[in-house]
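The following questions and answers go through one protein chain. Please keep the sequence and the structure in view while reading.

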Amino acid sequence: MASFDPLLDKDGVRLTVDDAIATVTLTNPAKRNAQSPALWRALAEAGRLLPGTVRVVVLRAEGKSFSAGLDRQAFTPEGFDGEPSFIDLARGSDAELDAAIAGYQDGFTWWRRSDIVSVAAVQGHAIGAGFQLALACDLRVVADDVQFAMRETGLGLVPDLTGTHPLVGLVGYARALEICATGRFVGAEEAQRTGLANLAVPAGRLDDSVGELVAALVAAPRDALVETKALLQGAVGRTYEEQRVAERAAQGRRLRDLAGLSD
């Protein structure tokens, strides 16, 4: 059943659910959807609130930019209201700093759960934390005006919001290093050519193209899609023979289920 009232709407994040499809929207276009610890907590909460019926999650953003990245207020001595500043965090113990960053990462980790497929619809600038949020999703559809960039290194920092693993997996070590070290922009054509984007479309077609992809994903049998996603996610860490074994085990489960013989 469709839920017309948001399940979550706070700190620049809105979650709505329509049957098997959930939409997470960044809702602060006046600040180009700049990110903060409160937004990251809201993203994590959105993941926890997903009903079990959801099969596909769409991540989108209001305005001309997907996300300009970390709100620069984080680097000021006062930081955000009610939050420890990054300077304060740096003064804490290693364990405290590690726990804080791990908490921030929680908003980026659930998008690759095996029971859902996540699709990012990306337009305009996706910088730093914005780039990493797009990378957190399984799939990316981008508008032809997209501008990805990883600017953390230029600020004396490193990308720490889970973006390095998918970036290397998609474009390879050498190109990932070059993108991070230079902080340069990656446009739509390069994004699609290198695998950062599954599809690049005119900006006016972004919503329709995402809708078509989502419809195709929802049409696939859920259990088969879940098993296939798990197989593909684990493939990099397995040998060829181990992957063959995993394929056989997964197919055995599917055949028993289709035959009504599953436990």
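**Burial, core and aromatic pairs**

Q: Is asparagine 33 buried or exposed?
A: The relative accessible area of asparagine 33 is 1%. Buried means under 20% relative accessible area, exposed over 50%, and partly exposed in between, with a 1.4 Å probe and protein chains only. Asparagine 33 is therefore buried.

This is a predicted model, in which local features need pLDDT of at least 70 and side-chain atom pairs count only at pLDDT 80 or more, while totals for chains, interfaces and linings use all residues. Residues are numbered from 1 along each chain as its sequence is written, and side-chain values use heavy atoms, with hydrogens and water left out.

Q: Where does asparagine 33 lie?
A: Helices (H or I, at least four residues) and strands (E, at least two) are DSSP runs, numbered from the N terminus. Asparagine 33 is in the loop between β3 (21-26) and α1 (37-49).

Q: Why is the pair of tryptophan 110 and tryptophan 111 called stacked?
A: Rings of Phe, Tyr and Trp (its six-membered ring) pair if their centres lie within 6.5 Å; planes under 30 degrees apart count as stacked, over 60 as edge-to-face and the rest as tilted. The ring centres of tryptophan 110 and tryptophan 111 are 4.0 Å apart. The pair is stacked because its planes are at 25°.

Q: How many residues apart are phenylalanine 131 and phenylalanine 148?
A: Phenylalanine 131 and phenylalanine 148 form a stacked aromatic pair, 4.8 Å centre to centre. Both phenylalanine 131 and phenylalanine 148 are buried. Phenylalanine 131 is in helix α4 and phenylalanine 148 in strand β8, so the pair links parts of the chain that are 17 residues apart.

Q: Is leucine 155 buried or partly exposed?
A: Leucine 155 lies in the loop between β8 (147-149) and α5 (164-171). Its relative accessibility is 45%, and therefore leucine 155 counts as partly exposed.
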